[in-house]
Amino acid sequence: RNGSATVGPRNREYPERFYDSVSLSVAPETFSVPAFDGEARAISIEAGLLTGEARVSPSVEDNEFRPTPERDVLKAALLDRRSGKDGGFTGFLTGYGLESGAAATSLTWERPGVAVVGTDEREMARAARHVAEMGGGWAVADDGIVAELPLRVGGTCSDLDAEETATLIATVE
(Lines give C-alpha, C1' and ligand atoms only; values in the text may rest on other atoms or scores of the structure.)
Protein backbone atom coordinates (compact mmCIF):
# COMPACT_ATOMS: atom_id res chain seq x y z
CA ARG A 1 0.00 0.00 0.00
CA ASN A 2 1.40 3.38 -1.06
CA GLY A 3 4.58 1.68 -2.28
CA SER A 4 5.01 -0.61 0.74
CA ALA A 5 4.28 -4.32 1.00
CA THR A 6 1.47 -5.18 3.39
CA VAL A 7 2.28 -8.90 3.37
CA GLY A 8 5.72 -10.48 3.58
CA PRO A 9 6.97 -13.10 1.13
CA ARG A 10 5.76 -16.64 1.74
CA ASN A 11 8.05 -19.63 1.88
CA ARG A 12 6.86 -22.50 -0.29
CA GLU A 13 7.69 -26.16 -0.17
CA TYR A 14 8.09 -27.72 -3.61
CA PRO A 15 7.88 -31.41 -4.51
CA GLU A 16 11.24 -33.10 -5.11
CA ARG A 17 10.37 -33.56 -8.81
CA PHE A 18 10.59 -29.76 -9.26
CA TYR A 19 14.34 -29.91 -8.60
CA ASP A 20 17.31 -31.18 -10.63
CA SER A 21 15.87 -30.22 -14.01
CA VAL A 22 19.35 -29.39 -15.36
CA SER A 23 21.85 -32.17 -16.00
CA LEU A 24 24.70 -31.31 -18.38
CA SER A 25 27.89 -32.97 -19.49
CA VAL A 26 29.84 -30.05 -20.93
CA ALA A 27 33.47 -29.70 -22.01
CA PRO A 28 35.18 -26.88 -23.92
CA GLU A 29 34.85 -29.03 -27.08
CA THR A 30 31.07 -28.77 -26.76
CA PHE A 31 31.44 -25.24 -28.18
CA SER A 32 33.55 -26.24 -31.19
CA VAL A 33 32.76 -24.51 -34.51
CA PRO A 34 34.71 -25.68 -37.59
CA ALA A 35 36.26 -22.79 -39.54
CA PHE A 36 35.16 -22.10 -43.11
CA ASP A 37 35.36 -19.15 -45.53
CA GLY A 38 36.71 -16.74 -42.88
CA GLU A 39 33.28 -15.27 -42.03
CA ALA A 40 30.36 -16.49 -39.97
CA ARG A 41 26.82 -15.32 -39.36
CA ALA A 42 26.22 -13.86 -35.92
CA ILE A 43 23.40 -12.57 -33.77
CA SER A 44 23.85 -8.82 -33.37
CA ILE A 45 22.58 -7.14 -30.21
CA GLU A 46 20.86 -3.98 -31.45
CA ALA A 47 18.97 -2.40 -28.52
CA GLY A 48 17.43 -4.08 -25.50
CA LEU A 49 15.76 -7.27 -26.70
CA LEU A 50 16.13 -6.37 -30.38
CA THR A 51 18.60 -8.41 -32.38
CA GLY A 52 19.72 -8.52 -35.97
CA GLU A 53 22.07 -10.50 -38.16
CA ALA A 54 25.71 -9.62 -38.79
CA ARG A 55 28.71 -11.15 -40.51
CA VAL A 56 31.77 -11.55 -38.28
CA SER A 57 35.35 -12.73 -38.79
CA PRO A 58 36.31 -14.80 -35.76
CA SER A 59 39.92 -15.81 -35.27
CA VAL A 60 40.85 -19.30 -36.48
CA GLU A 61 42.95 -21.74 -34.48
CA ASP A 62 43.39 -25.46 -35.23
CA ASN A 63 40.82 -25.16 -38.07
CA GLU A 64 38.16 -23.92 -35.64
CA PHE A 65 36.55 -20.53 -35.19
CA ARG A 66 37.37 -19.02 -31.80
CA PRO A 67 35.76 -16.19 -29.87
CA THR A 68 37.56 -12.92 -30.59
CA PRO A 69 36.53 -10.47 -27.84
CA GLU A 70 38.89 -7.74 -29.07
CA ARG A 71 36.64 -7.58 -32.17
CA ASP A 72 33.45 -8.11 -30.10
CA VAL A 73 32.98 -11.63 -31.51
CA LEU A 74 31.75 -13.97 -28.78
CA LYS A 75 30.55 -17.54 -28.91
CA ALA A 76 26.92 -18.14 -27.94
CA ALA A 77 25.32 -21.51 -27.36
CA LEU A 78 21.98 -22.99 -26.41
CA LEU A 79 22.32 -26.46 -24.91
CA ASP A 80 19.73 -29.09 -24.14
CA ARG A 81 19.41 -28.92 -20.36
CA ARG A 82 19.29 -32.70 -19.96
CA SER A 83 22.44 -33.63 -21.89
CA GLY A 84 24.27 -30.53 -23.06
CA LYS A 85 24.56 -31.88 -26.58
CA ASP A 86 21.41 -33.03 -28.38
CA GLY A 87 19.25 -30.29 -29.84
CA GLY A 88 21.72 -27.52 -29.09
CA PHE A 89 23.85 -25.20 -31.18
CA THR A 90 26.88 -22.95 -30.93
CA GLY A 91 27.20 -19.77 -32.97
CA PHE A 92 28.40 -16.21 -32.61
CA LEU A 93 27.21 -13.02 -30.94
CA THR A 94 28.32 -9.44 -31.47
CA GLY A 95 27.31 -6.20 -29.77
CA TYR A 96 27.27 -7.75 -26.30
CA GLY A 97 30.52 -6.18 -25.11
CA LEU A 98 31.84 -8.96 -22.89
CA GLU A 99 35.62 -8.60 -22.57
CA SER A 100 36.52 -11.75 -20.63
CA GLY A 101 34.93 -14.87 -19.15
CA ALA A 102 31.49 -16.32 -19.73
CA ALA A 103 27.93 -16.32 -18.42
CA ALA A 104 25.42 -19.18 -18.45
CA THR A 105 21.77 -19.44 -17.45
CA SER A 106 18.93 -21.94 -17.43
CA LEU A 107 16.46 -19.05 -17.45
CA THR A 108 15.65 -19.27 -21.16
CA TRP A 109 12.39 -18.16 -22.74
CA GLU A 110 11.77 -20.11 -25.89
CA ARG A 111 13.16 -23.51 -25.00
CA PRO A 112 14.09 -25.15 -21.70
CA GLY A 113 17.85 -25.15 -22.13
CA VAL A 114 21.03 -23.56 -20.89
CA ALA A 115 22.22 -20.46 -22.75
CA VAL A 116 25.95 -19.65 -22.62
CA VAL A 117 27.89 -16.62 -23.92
CA GLY A 118 31.63 -16.28 -23.63
CA THR A 119 35.04 -15.14 -24.71
CA ASP A 120 36.63 -18.52 -24.01
CA GLU A 121 35.36 -22.09 -24.42
CA ARG A 122 36.87 -23.22 -21.07
CA GLU A 123 35.02 -20.51 -19.16
CA MET A 124 31.83 -21.25 -21.11
CA ALA A 125 32.05 -24.92 -20.04
CA ARG A 126 32.83 -23.90 -16.44
CA ALA A 127 29.80 -21.58 -16.27
CA ALA A 128 27.45 -24.15 -17.86
CA ARG A 129 28.65 -26.93 -15.53
CA HIS A 130 28.11 -24.66 -12.52
CA VAL A 131 24.53 -23.95 -13.62
CA ALA A 132 23.97 -27.73 -13.77
CA GLU A 133 25.62 -28.28 -10.36
CA MET A 134 23.23 -25.72 -8.82
CA GLY A 135 20.22 -27.39 -10.46
CA GLY A 136 19.65 -24.28 -12.58
CA GLY A 137 20.32 -20.58 -12.37
CA TRP A 138 22.95 -18.06 -13.47
CA ALA A 139 26.72 -18.47 -13.30
CA VAL A 140 29.44 -16.03 -14.29
CA ALA A 141 32.93 -17.45 -14.82
CA ASP A 142 36.19 -15.57 -15.27
CA ASP A 143 39.13 -17.70 -14.16
CA GLY A 144 36.71 -19.45 -11.79
CA ILE A 145 33.10 -18.82 -10.76
CA VAL A 146 32.79 -15.16 -9.76
CA ALA A 147 29.00 -14.87 -9.36
CA GLU A 148 26.00 -17.17 -9.12
CA LEU A 149 22.26 -17.18 -8.65
CA PRO A 150 20.77 -20.61 -7.94
CA LEU A 151 17.35 -21.13 -9.54
CA ARG A 152 16.71 -24.68 -8.36
CA VAL A 153 12.93 -24.81 -8.80
CA GLY A 154 12.49 -26.02 -12.36
CA GLY A 155 15.75 -24.30 -13.27
CA THR A 156 13.86 -20.99 -13.38
CA CYS A 157 12.83 -19.99 -9.84
CA SER A 158 14.74 -19.36 -6.65
CA ASP A 159 13.93 -21.24 -3.47
CA LEU A 160 16.00 -18.80 -1.40
CA ASP A 161 14.45 -16.02 0.66
CA ALA A 162 13.71 -12.76 -1.17
CA GLU A 163 16.59 -10.75 0.36
CA GLU A 164 19.23 -13.36 -0.48
CA THR A 165 17.83 -13.73 -4.01
CA ALA A 166 17.96 -9.96 -4.52
CA THR A 167 21.57 -9.84 -3.33
CA LEU A 168 22.59 -12.64 -5.70
CA ILE A 169 20.74 -11.07 -8.64
CA ALA A 170 22.88 -7.97 -8.15
CA THR A 171 26.07 -10.06 -8.37
CA VAL A 172 25.23 -11.58 -11.78
CA GLU A 173 24.10 -8.32 -13.41
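Glu-121 is in contact (heavy atoms within 4.5 Å) with Pro-28, Phe-31, Phe-65, Arg-66, Pro-67 and Lys-75, leaving aside its neighbours within four places in sequence. Glu-121 sits in helix α1, and with 10% relative accessibility it counts as buried; buried means under 20% relative accessible area, exposed over 50%, and partly exposed in between, with a 1.4 Å probe and protein chains only. Please keep in mind that this is a predicted model, in which local features need pLDDT of at least 70, side-chain atom pairs count only at pLDDT 80 or more, and totals for chains, interfaces and linings use all residues. Residues are numbered from 1 along each chain as its sequence is written, and side-chain values use heavy atoms, with hydrogens and water left out.

**The chain as a whole**

- Two helices and ten strands make up the secondary structure of the chain; helices (H or I, at least four residues) and strands (E, at least two) are DSSP runs, numbered from the N terminus.
- The C-alpha trace spans about 60 × 35 × 30 Å along its principal axes.
- Of the 173 residues in the chain, 40% are buried.
- Among contacts with a separation of 6 or more, 53% come from residues 24 or more positions apart.
- About 10,100 Å² of the chain is accessible surface, and carbon and sulfur atoms account for 48% of that; the areas come from the Shrake-Rupley method with a 1.4 Å probe, and for residues only the protein chains shown count as cover.
- The chain carries 17 positive and 29 negative side chains, and the centres of the two sets are 6 Å apart. Here Lys and Arg count as positive and Asp and Glu as negative, while His and the chain ends are not counted; each charge is placed at NZ of Lys, CZ of Arg, CG of Asp or CD of Glu.

**Nonpolar cores**

- In soluble globular proteins, nonpolar side chains tend to be buried together.
- A nonpolar core is a set of buried Ala, Val, Leu, Ile, Met, Phe, Trp, Tyr and Cys residues joined through side-chain atoms within 4.5 Å. The largest one here has 19 residues, and those with the most contacts inside it are Leu-24, Val-26, Phe-31, Leu-79, Val-114 and Val-116.
- At least two residues of this core come from each of β5 (74–80), β7 (102–105), β8 (113–118), α1 (121–134) and β9 (137–141).
- Helix α1 gives the most to this core, with seven residues.
- There is also a second, separate core of seven residues, which includes Ala-40, Ala-42, Phe-65 and Phe-92.

**Aromatic pairs**

- Rings of Phe, Tyr and Trp (its six-membered ring) pair if their centres lie within 6.5 Å; planes under 30 degrees apart count as stacked, over 60 as edge-to-face and the rest as tilted. The count by this rule is three aromatic pairs.
- One of them joins Phe-36 and Phe-65 edge-to-face, at 5.4 Å centre to centre with 70° between the planes.
- This pair links distant parts of the chain, with Phe-36 in the segment before β1 (40–47) and Phe-65 in strand β4 (residues 64–66), 29 residues apart.
- Phe-36 is partly exposed at 45% relative accessible area, whereas Phe-65 is buried at 0% relative accessibility.
- Phe-65 also pairs edge-to-face with Phe-92, at 5.8 Å centre to centre and 85° between the planes.
- Phe-65 lies in strand β4 and Phe-92 in strand β6 (residues 89–94), so this pair ties together parts that are 27 residues apart in sequence.
- Phe-65 and Phe-92 are both buried.
- Through ring pairs, Phe-36, Phe-65 and Phe-92 are linked into a cluster.

**His-130 in helix α1**

- His-130 belongs to helix α1 and counts as buried, with 15% relative accessibility.
- Not counting residues up to four places away in sequence, His-130 touches Ala-139, Ile-145 and Glu-148.
- Thr-105 is 25 residues from His-130 in sequence, and their C-alpha atoms are 9.6 Å apart in space.

**Positive phi in loops**

- Asp-62 is not a glycine, yet it has a positive phi of about 55°.
- Asp-62 is placed in the loop between β3 (59–61) and β4, and at 64% relative accessibility it counts as exposed.
- Asp-72 likewise has a positive phi, near 60°, in a residue other than glycine; it is found in the loop between β4 and β5.
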